[in-house]
Amino acid sequence: MSYLGSIFSGFKTLLTGLGITGKEIGGKSVTELYPHVEPELPEAFRSVIQLVRFEESGSHDCVACMQCVKICPSTCITIEGGKIEGIKGKRASEFEIDFALCSLCGLCIDTCPTDTLEWANIYDDAGQEREWVYDLLKPHEAFEEQYLTTRRAIEAKEAAEKAAKKAAVAKAKAEKAASEAASQEASPEKSDTTSEADS
Amino acid sequence: MPRTLLDIFGNPFIATGVGIGAVMTVLSINVLFCIWFERKVSAWIQRRLGPMEVGPQGTLQTVADMVKLLGKQLLTPAGIDKPLYHLAPLIIFAPVVASASLLPFSKSVALSDLNIGLILVFMFGGFAVVGIFMAGWGSNNKYALLGAMRSVAQNISYEVPLLLSALSVVLMVGAQGGGQIEIGDEVIQLNGLNLSHITLAQTSGLWFIVFQPIAAVIFFIAILAETNRAPFDLPEAESELIAGFHTEYSGMRFGLFFFGEYSNMFIGAMLATVLFLGGWDGPLLPGPVWFFFKSYLLIFVMMWVRWTFPRLRFDQLMAFCWAVLTPLAIVNILVTAFALKVVNG
């Protein structure tokens, strides 16, 4: 390329470069003012775990089955649980995770049979001590009483329904048995003929 | 013809005092603004937000930075050349004030109106090289010395196309309307080296960027190199030389270098405005508004260039100056002289 031609084309590329950066001026920023603006977290964001609050029951559904405690490779989960009067099954009374030990592997979430564990969207937590324990039941404390009352009512209702059903089934059974006994008495040969035809 | 401070105050001491005060105020505000603006422009280009914390949109960020710099300890490295080391920031800082006072920012009032204004501005610009070399030599630091040596080579080289491109404007002024211009009933003999005459020559006709586009581009590029701005910031070259010539300076000594750099930028932009963009000339708005608007537009372009292009290698820098800019400037001045001779007879 000639001397002047190369100068001209070089100048043109400079203008192209300026155009590329110039387009960004006045555009929308991709960074945000971190502490002042809540960041948009990715879907697979991992932090500490939390107990899901289910819509229908209004509380978590931890049955203290200890699956998460068993599978946890960092042994950072502590669960206490037991029977609560008027409710079937067990229920957690203490659920703590030492986040200082947690490796965010997520096995507890995968293994939970009642799907009551999930990732919490806590992105700005920091600690200065070796102990860094989260009490996962704490956010659910307020709903616990309400949950237990409704649960007890539901279970009492269910028990009553079951009892009624059982009674109905027993009654039907008794009726059936009675009717069968009656029909057998009326035609005792009928069953014999069918069995012969089959053979 | 703008009146000068001496005409207004009569007493040269009062005029000097007022002039220094005014120039220092304008330069300080300019530096505070430019540093903030530079950070904002870089942020915009890189899709960031830039300073946002101190003041609305981070406008007071530079004030906070300055307070921090004032509070810093002034470290003096061992083995330095004391007079050079301590004098260097002043040598860089003082000519800036002097050359800023020469520029005519308004039709009616200027700080000083000298017949050799253009030469003086370039002369004071040349002081910066001395200051930079003193800083690099006196610091007893190999990186500082490398930066200073680069700076000297670069600034001396780029002064050639800078002066040659300015010279074509000087020729144009001298030839404008037979070298005379009428303002009211006053006839002024135009002097190509007087900065306000250069502006006056443009107010009656088109701006010189129309007649001298090549000279304008060469001048702008040379200004970038003279002020050590990217992509010609080899004397600083953070990634190679730490901070170049001011590596060993801390606190407000470093602050003075910074002040000098941004003020030099401002003066370069103002000079380009006077030479090519018609100075205070513009419709409707008062002269100083136009003058500063054009200057800041050029400063914006300087920042835009800085955040767009990567730094040149040293041989590229020299080749660009001696093989491209200087021949072009020489050809340009010859063509200008020839054309003026043909047109004016």
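**Exercise 1.** In which helix of chain B is the place of Lys40(B), and is Lys40(B) buried or exposed?

*Solution.* This is a predicted model, in which local features need pLDDT of at least 70, side-chain atom pairs count only at pLDDT 80 or more, and totals for chains, interfaces and linings use all residues. Residues are numbered from 1 along each chain as its sequence is written, while chains are lettered from A and ligands numbered from 1 in the order in which they are written.

Step 1: Lys40(B) is in helix α2, residues 12–45 of chain B. Helices (H or I, at least four residues) are DSSP runs, numbered from the N terminus.

Step 2: a residue is buried if 20 or more other C-beta atoms lie within 10 Å of its own, exposed if 12 or fewer, and partly exposed in between, with C-beta atoms placed from the backbone. Lys40(B) has 21 other C-beta atoms within 10 Å, so Lys40(B) is buried.

**Exercise 2.** Describe how α4(B) packs with α11(B).

*Solution.* Step 1: α4 (residues 82–100) and α11 (residues 251–276) of chain B pack at an angle of about 30°, with axes 9 Å apart. Axes are lines fitted to C-alpha atoms, for helices over the stretch in contact, and angles run from 0 to 180 degrees between N-to-C directions.

Step 1: α4(B) is therefore roughly parallel to α11(B); angles under 35 degrees count as roughly parallel.

Step 2: residues in contact (C-beta atoms, placed from the backbone, within 7 Å) include Pro89(B) and Phe93(B) in α4(B), and Leu256(B) and Ile267(B) in α11(B).

**Exercise 3.** What is the length of α1(A), and why does it lie largely in the open?

*Solution.* Step 1: α1(A), residues 3–24, has 22 residues and reaches 33 Å from its first C-alpha to its last. This is close to the 32 Å expected at 1.5 Å a residue, where the expected span is 1.5 Å times one less than the number of residues.

Step 1: the number of buried residues in α1(A) is zero, so α1(A) lies largely in the open.

Note on methods
Helix = DSSP H or I, 4+ residues; strand = E, 2+ residues; numbered from the N terminus. Parallel < 35°, antiparallel > 145°, perpendicular 65-115°, else oblique. Contact = placed C-beta atoms within 7 Å.
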